[in-house]
Amino acid sequence: MPPIVSVSGLVKTYGNGFQALKGIDLDIEEGEILALLGPNGAGKTTLISIICGIVNPSGGKALVGGFDVVRDFRKTRAMIGLVPQELTTDQFESVWNTVTFSRGLHGKPADPGYIERVLKDLSLYDKKDNKLRELSGGMKRRVLIAKALAHEPRVLFLDEPTAGVDVNLRKDMWKVVERLRESGVTIILTTHYIEEAEEIADRIGVISSGQLLLLEEKAALMKTLGRKTLAIDLARPIDTVPEALAGFNLRLEEGGRRLVYDYHASGARTGITTLLAALAEAGLTLKDLSTRQSSLEDIFVELVEAGR
Amino acid sequence: MNGQAIKAIYLFEMARMRRTLLQSVVSPVISTSLYFIVFGAAIGQRIQEIDGVPYGAFITPGLIMLTLLTQCVNNGAFGIYFPKFTGTIYEILSAPVSMAEVLIGYVGAAATKGMIIGLIILATASLFVDIRIAHPVMMVVFFALTAITFSLLGFVIGIWAKDFEQLNLIPMLVVPPLVFLGGSFYSIKMLPPFWQAVSHANPVLYLISGFRWSFFEVAEVDPMISVAIILGFLAALSGLVTWIFRTGYRLRE
């Protein structure tokens, strides 16, 4: 199946000379949830804005459903729903009217039954006659999602959907995203929260300084993440790793005061028991033990730092 | 053509008018009544009639034009500026609509609002003075063309404006002097020759003259010149808007 969104060599230089995107290549499969991680100003919003038609690309191409976002903008934009980062709403409008407006704007005939379902799914139905300014921030965020879904899009962009949202609401939002995915909608979300990407994404992309540094299945990433290290602090420093411990691939650090052992936490056998027995047999006295798991955050920070 | 989108924008804008009924409708009616009292009753005592038209009736087309121009420019400017200001413009920019469709929605709504208010002023005026319309078809032509042209001018201002100051600059500083000096309340024949010549440089003079002609068959200039001037203005604005849409000026980076 061809990718639902296909971006190649996408470049954006703003009028003030700032190069926000430096050649992005990215294919997004239909039905997946892709999380784009990156620091502020990395180019995440610019990338989304180009695909949605808010910003014109300076170079390269973006296709949605096989259509060019500039040339065939009617076809591509009809397929896309966008939830912007800022809570931009028409304060004086009612929830029902603003969502109905969005559907019409995307060229779809009125369908009160569908709008009702969307509002119910987002627990907004009892607020349908409220003016937007009467709603809390979290509720406004839901209204923006309802507006983005009003025309039954195949691709949904969520730009920082949980920025400034409390923990409970964030969990609710994840449930909403999960339900949308079950209905077959492709979801691309940008986030600062690595935890969020870990929780809901199928694939994770890392963007920094206008470049896509990494794009990988979450499962594969988690495998890398599953790697743990065991640090063994010794009572007395040693010069070399004893011959008897050669099979464990130990590293000697801290001037011989620490042995480091890499293992896989998810493996059937971690080898820790054998190692500890071997250490005792080799006559080494242990002062302390600690384990550490590398997180997505470590990989992220490492990538972003290296990209600078 | 995305007819649904045009309808959505148009109805959305008309809904704004319903929400602000007091400000949109009642206030122009009150100010027009005040003009009638001040100009009609006070000055009308001294100027009985101009070109054979009773003074109260003479100023009616000018008053309608004053309101129509101000309302259309304001509505046209505010309609597109407000989403830019609040940020909701993202939705218009990411929707499957061409800018021409966006324009038809906003300008159509602004012109409709202006015309509704213009007709209310006409009805209010007929309570004070006796109004007859000699050329109803031409009256509608002037009325509608002016509404569309000045709503379009408002739309351009709304796109150009970066803040509320700029948004109000032309509607408040440029439009009222042009209307007041365009012969709304007097015939320019009453002016010294120099000021008569200056007045002919004012495009609004031609609008008011043509519009008044459709009522009373008295005009400062040939009504066909009035039609030509307004069509020329409309064409110039359309050209400007085409350029704005092609370059994405202040809309799309």
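Chain A of this predicted model has 10 helices and 14 strands. Its radius of gyration comes out at 25 Å, well over the 19 Å that the globule rule gives for 308 residues, so chain A is more spread out than a compact globule. The C-alpha trace of chain A covers about 80 × 45 × 40 Å along its principal axes. As for burial, 36% of the 308 residues in chain A count as buried.

Here are the chain A numbers side by side:

| Property of chain A | Value |
|---|---|
| Radius of gyration | 25 Å |
| Span of the C-alpha trace along the principal axes | about 80 × 45 × 40 Å |
| Buried residues | 36% of 308 residues |

Now over to chain B. UniProt, in an unreviewed entry, puts the feature "domain: ABC transmembrane type-2" at residues 19-248 of chain B.

One helix pair in chain B deserves a look of its own. Helix H3 (residues 55-86) and helix H5 (residues 99-128) of chain B have axes that come within 8 Å and cross at roughly 155°. Angles over 145 degrees count as roughly antiparallel, and H3(B) and H5(B) are therefore roughly antiparallel to each other. As for handedness, H3(B) passes H5(B) in a right-handed crossing. What kinds of residues make up the contact of H3(B) with H5(B)? They split into 15 nonpolar, nine polar and one charged.

Note on methods. Residues numbered from 1 in each chain as written. Chains lettered and ligands numbered in written order. Predicted model: local features only at pLDDT ≥ 70, side-chain atom pairs only at ≥ 80, totals over all residues. Axes fitted to C-alpha atoms, helices over the stretch in contact; angles between N-to-C directions. Helix = DSSP H or I, 4+ residues; strand = E, 2+ residues; numbered from the N terminus. Parallel < 35°, antiparallel > 145°, perpendicular 65-115°, else oblique. Left-handed = near helix turned anticlockwise from the far one by under 90°. Nonpolar A, V, L, I, M, F, W, Y, C, P; charged D, E, K, R; others polar. UniProt positions renumbered as here; feature names shortened; annotations may be inferred. Rg over C-alpha atoms; globule rule 2.2 N^0.38 Å. Buried ≥ 20, exposed ≤ 12 C-beta atoms within 10 Å, placed from the backbone.
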